[in-house]
Amino acid sequence: MSYEIKKAAVLGAGVMGATIAAHLTNAGIECALLDIIPPQLTEDDKKKGLTEKSPEWRNRFAANGLAGVLKAKPAGFYTKKNAAMIRTGNFADNMNWLGEVDWVIEVVIENLKIKQDLFANVAKYVKPTCIISTNTSGIPIKDITANLSAGIKERFLGTHFFNPPRYMKLLEIIPGAETKKEVVNYMIEFCERVIGKGVVTCKDVPNFIGNRIGVFDISNALNMMLKKKMTIPQLDAIVGKALGRPGTAIAGTLDLVGLDTGYHVMSNLYEAVPDDEMREYFVPSDFMKKMFEKKWLGNKTKQGFYKKTKDAKGKSIKLVLDYNKMEYVPVEKPKYESISKAKKIPGEIGDKIKAVFNGKDDAAEFVREYLCNNFIYAANRIPEICDTVIGIDNAMKWGYNHQLGPFETWDAVGVRESLAVMKKLKLKVPKKIDEMLKAKCETFYLKKEDGRYYYDFDKKAYCKIEDNPRIIILPALKERKKIIKENEGAALVDIGDGVACLEFHTKMNAIDENIIQMIFDSCDIVEKDYLGMVVGNHDANFSVGANVFKVLLGIQKGDWDILEDLVAALQNANMRMKYLAKPVVTAPAGLVLGGGCEISMHGARCQPCGETYMGLVEVGVGVIPAGGGCKELAVRLTEGIPDGLIEAGLNLQTYFAKAFENIATAKVATSAAEAMELGYIRKTENISLNRDQQLWDAKQLVLGMSKYYKKPRPALIPVMGENLRGLADAVLYNMRHGNFASEYDVFVAKKIAYILSGGDCAEGTYVSEQLLLDLEKEAFLSLCGEQKTQDRIMYMLTNGKPLRN
């Protein structure tokens, strides 16, 4: 039987259900969002004339769920327009909609009987190819499906999303005993490729993998804090970035997710795992019980472990809970030698963790016991919750944002070395670890010439980690000597099938002369020897823009010729890519700012990641986009306008007002879809939701284009001339007098208006790309000579945020 998911239904419109529905629309999947009918009409309902037959009343819970996700921060939708793909209804009137869908996801309250009753009703409506799943975080699948038919059980599984679904990579898939393998395989492939998840297959046990290991990790840290009589800031200072953990650490993370959520998960886990050797760790401490009773639940109640308030002068201050007195006190900033030293170590996070583990201070002592407890607990959960170390490691990285999973961390500190620490702490070393070391298997992961291997406890040997053909790993290709050319700023890598990938590797991928030179070199090589080129990388950010430190250095030295050459070089490099005889596909992701945005806009095509934060932000440091950003945005927003309309006097204000606003206000898109709305990416492009597969997607696009590609004809841009400058002057006057812009903001914005206007010409005049590039360069250099621009650049370098002057 073949499966294809085009439409879905989400049952339950609470925060989780509504945000799952939102993310499905991000992947282009239409959704029905259903919930219960309200228990009764309120007095306000009656005043509005609503009756029990009114759809507005009957669909209220689902409609409220959709309204909530539209207001959510961070946003659940890539663009609010996606809300049009969701239709709201209720369980009484609209269950027949399920006959049209390919996937039903249940996200109602964690109550077994309610779930069983709902699925009994679902079974009456779904078609034979519809896949059915539950988002339960802990109720066994076998119990939920106990009363369902064999045919339904074959297509039933758990799909446990982590919150918020748009941003959290982990999706746990939990097959039932009777779930068909073809259904499981299809859902793994679909959830990875289409909705962008990192999938871990779990066993049908309490809390599955992520929350079983993750809740122990947090419980372990809190128990040790109490045991060692530490403060909350001391705990968070230790179990933070130096250990590869999120900046929110332990207490900050609980405030973020909500103490009530953490409290219930811990309590439920305690009841669900009577045979767990560390079960007592899951009992919430006395101070957490008091916090729960007082409703000090974290960010949602504005106080939890931490509290933000204002002092007598109205200045914002941060307080922290003294759990002994149950009072909030000023936050201390503890310093630990081992933590400070580790943060300064360059390179891999594993080296930092090892340095702390081997330290001599109180933090190191804490970390040794804390990590050893985690190591032993994770090892003891195999094969109970998962068969491989890979599943546990991935769950913690993707679901809890740890940089390394427990077994990867264990490798980092040294498996054999850790045993001496465990014995000193009188911890019981799992037998399987002793057996592993006796077999001379010293690590859980091993690199060989043909790939990576992991240690399998059942087979007592290393097993090869199967390569995913959709994942291109540039470092692995580099190790296999696939570098075509490289310098200090970038590398051109052969990614197979006649396609090369240009990868930046400066700090934050800031653009400098090395990257610019490699663009030229790569274009020459690809044009001669390859089918096409991808421009992309694996870093968190595609590129944060130009290296402004080098710009400031040039200004201070008075090297105006060098600055002019640098601007011209970036413009020419981008134009070389745009008009290359072979197709270039850019693959932006993460922060794509300033010059990074300009490079992304100059490919023949773009294959953006969904999580792309893109914009021309140069005004923040008192300059304008000068690498072709102004020019290319003008091209994007006017291409496709028929010449006849221009000649007939079409008012171009709508098009250029948008370009002016984007650049002058440094608008940054918060998704690839929003970048399309702003004009940075063409609306005809596809979006990769899975960052791991983005380079593969881009490569396929190059291969497809290579069969027919011809370089584009030079663009001619219809401009508004002085009419745009008049419009901009009026807007800027209002912004200045409304105190929305400084005098210098207005000065810079007028330069932008002059560039976009095409200079001194009439509206409807066509100008060349080179003319706008020349105007960009002239404006950029003139602004670099202004003291306020230099002040802004210095302020940005010193404080990491723009100055308004």
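## Close-up views of a predicted model

**View 1. Lysine 81 and glutamate 677 pair up.** The side chains of lysine 81 and glutamate 677 form a salt bridge, with N and O 4.0 Å apart. (A salt bridge is a side-chain nitrogen of Lys or Arg within 4 Å of a carboxyl oxygen of Asp or Glu.) Lysine 81 sits in the loop between α4 and β3, and glutamate 677 in helix α29 (residues 672-678), so their pairing ties together parts that are 596 residues apart in sequence. (Helices are DSSP runs of H or I with at least four residues, strands are runs of E with at least two, and both are numbered from the N terminus.) Lysine 81 is exposed at 56% relative accessibility, while glutamate 677 is partly exposed at 21%. (Buried means under 20% relative accessible area, exposed over 50%, and partly exposed in between, with a 1.4 Å probe and protein chains only.)

This is a predicted model, in which local features need pLDDT of at least 70 and side-chain atom pairs count only at pLDDT 80 or more, while totals for chains, interfaces and linings use all residues. Residues are numbered from 1 along each chain as its sequence is written, and side-chain values use heavy atoms, leaving out hydrogens and water.

**View 2. Threonine 79 also meets glutamate 677.** Look in the loop between α4 (60-71) and β3 (86-90) to find threonine 79. Threonine 79 is buried, with a relative accessible area of 9%. Leaving aside residues up to four places away in sequence, threonine 79 touches Ala673 and Glu677. (Contact means heavy atoms within 4.5 Å.)

**View 3. Aspartate 521 reaches lysine 485.** Here the side chains of aspartate 521 and lysine 485 meet in a salt bridge of 3.4 Å, N to O. Aspartate 521 belongs to helix α22 (residues 513-529) and lysine 485 to strand β15 (residues 483-486), 36 residues apart. Aspartate 521 counts as buried at 14% relative accessibility, whereas lysine 485 is partly exposed at 37%.

**View 4. Glutamate 685 bridges to arginine 605.** In this salt bridge, the closest N and O atoms of glutamate 685 and arginine 605 are 2.6 Å apart. Glutamate 685 is in the loop between α29 and α30 (694-706) and arginine 605 in strand β21 (residues 605-606), so the pair ties together parts that are 80 residues apart in sequence. Glutamate 685 is buried, at 7% relative accessibility, and arginine 605 is partly exposed, at 22%.
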